Amino acid sequence: MAWAIAGISAAIGAVLGGSGLGYFISPAFAKREEEWVDLGSVKEFKANVPLKIDFTSRKRDAWATVEKRASAWVLTPNGRDFIAFDPKCTHLGCPYRWDDSQKKFLCPCHTAVFDVDGRVVSGPPPRPLDRFSTKVVGGRLMVRPSSGGEAAA
Amino acid sequence: MISAALAWTFERTGVDKIWEALFARHIPEAKGPVAWLYALGSATLFVFTVQAVTGTLLAMNYVPSPDHAYDSVRFIGSEVYFGRFIRGLHHWGASFMVVLVALHMMRVYFMASYKYPREATWLAGVGLFLLVIGFSFTGYLLPWDQKAYWATMVGANIAGQTPFVGSYVSKILIGGAEMGAATLSRFYALHVLVLPALTGGALVLHLFLVVWHGISEPPKRVEKGS
């Protein structure tokens, strides 16, 4: 009798405690969702001319959906392969611009200069421009904007 | 080694005496189905513990705001591991609380266990019964679905029928002239802060009195008159 009570109690405790613990630690198994954003038809991009695209990214934050304005510098060498640069300078996060006469990206804050591939030509930036993942689906260019300047190779 | 550590602890805290007083006390000899009736109070305490734990877990993913309440409850059910189960436990536990408390009260009433010297235990128990009803009423609103909304509307209208002060009672209850965001956050605060605090106090008093007075004997059949 005592053993039966102990056994039943242990079973109840295991089910309740186990599911409660599973609930508590379930964030540990949460996966980061892939948030691909449509930047338009691939035909809109001219070869070797970087184009700044503004877009709105929708991100699911648990039960809520948050919208964020963001942008990317898109470059294509041939109309098939695409590079999307994070529009923040890798030095201190200033927005840089494309100078078509020099064929360079110029950052106004500390006179950083990047070439068309995002490599540092001169100035203080510690690394080349960060890139977003890109893919082409059905003739549409998709990017996955990553936050916080982590380089998505 | 272990016994030395236990002796050290017992001598300085007295937990062995407390354990003896709580769990080695005299329990009335009852046989058959009647004996089960003495488990109703403990069963209520157990379900209350489950409610406290599952409620704490649910609060980790719940937002008492009209924008997010329903979505966060759906999130618990669809995204959180064991979320449906934990919410189900809390949902069914709520009904069990009311049923068990009512049965426990009937047991005490029909066995006349509320009589001298246990009136204070009975009164604390009545307080706990009202608190359980309060938990049911405030918790029902929190999923913020149609059923929750309109059930609370009915409750507020009933409170509004109080003679003379009805409109004030109803406004205090729902936190404004109309139901809305203030109602939801008010009910949430009552459900997770006010009522648990009151219940904790009343529960300690109730259990202390149960241990202090001992459990009443079951009524005995008297053969010759009374």
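Which residue in β8(A) is the bridge partner of A:F114? In this predicted model, the partner is A:V120. The two strands concerned, β7(A), spanning residues 112–114, and β8(A), pair in the antiparallel sense over 2 bridges. Both belong to an open sheet of 4 strands in chain A, ordered β5-β6-β7-β8, in which the pairing is antiparallel. The edge strands of this sheet are β5(A), residues 97–99, and β8(A), residues 120–122, each of which pairs on one side only. On average, neighbouring strands of the sheet are turned by 35° against each other, with direction ignored.

Chain A also contains an open sheet of 6 strands, with antiparallel pairing and the order β1-β10-β9-β4-β3-β2. From one strand to the next, the twist averages 35°. One of the residue pairs involved is A:L51 with its bridge partner A:V74 in β3(A). In general, strands of a sheet pair through backbone hydrogen bonds, in either a parallel or an antiparallel manner.

Chain B has 10 helices and 0 strands. Its radius of gyration is 22 Å, whereas a compact globule of 226 residues would have a value near 17 Å. Along the principal axes, the C-alpha atoms of chain B fill a box of roughly 60 × 60 × 35 Å. Of the 226 residues in this chain, 23% count as buried. Among contacts in chain B with a separation of 6 or more, 71% are accounted for by residues 24 or more positions apart.

Nonpolar side chains tend to be buried together in soluble globular proteins. The largest nonpolar core of the model has 19 residues, of which B:A69, B:I86, B:L142 and B:L184 touch the most other members. At least two residues of this core are supplied by each of α4 (40–59), α5 (69–78), α6 (83–110) and α10 (181–213) of chain B. The largest share, 4 residues, comes from α10(B). Not counting residues up to four places away in sequence, B:L142 touches B:P64, B:A69, B:A148, B:F187, B:Y188 and B:H191. A second, separate core comprises 18 residues, including A:A72, A:W73, A:C89 and A:L141.

Note on methods:
Residues are numbered from 1 along each chain as its sequence is written. Chains are lettered from A and ligands numbered from 1 in the order in which they are written. This is a predicted model: local features need pLDDT of at least 70, side-chain atom pairs count only at pLDDT 80 or more; totals for chains, interfaces and linings use all residues. A nonpolar core is a set of buried Ala, Val, Leu, Ile, Met, Phe, Trp, Tyr and Cys residues joined through C-beta atoms within 7 Å. A residue is buried if 20 or more other C-beta atoms lie within 10 Å of its own, exposed if 12 or fewer, and partly exposed in between; C-beta atoms are placed from the backbone. Two residues are in contact if their C-beta atoms, placed from the backbone, lie within 7 Å. Two strands pair if DSSP finds at least two bridges between them. Axes are lines fitted to C-alpha atoms, for helices over the stretch in contact, and angles run from 0 to 180 degrees between N-to-C directions. The radius of gyration is taken over C-alpha atoms; the globule rule is 2.2 Å times the number of residues to the power 0.38.
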